[in-house]
Amino acid sequence: MKPATRRKAYFWLMGTCLTLIGLGWFVVRLFSVPVAIGMSCVAAVIPPIAVIVANRPDD
């Protein structure tokens, strides 16, 4: 995978993580706390995956 493609994938994953946290903490928690906690848990798993994708060696 090219470095530009890895960088793009990293930013998409981290953007998804920040979006999930922001929506969970500021919007969804007003309606359902368990769903907001679930969104935060999913968002907590994304950064390690993003780091693995970003640091994968070239083929």
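**View 1. Phe-26 sits in helix α1.** Helices here are DSSP runs of H or I with at least four residues, strands are runs of E with at least two, and both are numbered from the N terminus. This is a predicted model, in which local features need pLDDT of at least 70, side-chain atom pairs count only at pLDDT 80 or more, and totals for chains, interfaces and linings use all residues. Residues are numbered from 1 along each chain as its sequence is written, and side-chain values use heavy atoms, with hydrogens and water left out. Phe-26 has 58% relative accessibility and therefore counts as exposed (buried means under 20% relative accessible area, exposed over 50%, and partly exposed in between, with a 1.4 Å probe and protein chains only). Look across to Ala-36: Phe-26 and Ala-36 are separated by 10 residues in sequence and by 9.1 Å in space, C-alpha to C-alpha.

**View 2. Leu-13, also shown here, belongs to helix α1.** With a relative accessible area of 26%, Leu-13 is partly exposed. Leaving aside residues up to four places away in sequence, Leu-13 touches Ile-46, Ile-49, Ala-50 and Val-53 (contact means heavy atoms within 4.5 Å).

View 3. On the α1 side, the contact includes Arg-6, Tyr-10, Leu-13, Leu-20 and Trp-25, while α2 contributes residues including Ala-36, Met-39, Ile-46, Pro-47 and Ala-54. The residues of this contact divide into 20 nonpolar, 3 polar and 1 charged (Ala, Val, Leu, Ile, Met, Phe, Trp, Tyr, Cys and Pro count as nonpolar, Asp, Glu, Lys and Arg as charged, and the others, Gly among them, as polar).

**View 4. Stepping back, the protein has 2 helices and 0 strands.** Its C-alpha atoms fill a box of roughly 45 × 15 × 10 Å along the principal axes. Buried residues make up 17% of the 59 residues. Among contacts between residues at least 6 apart in sequence, 67% join residues at least 24 apart.
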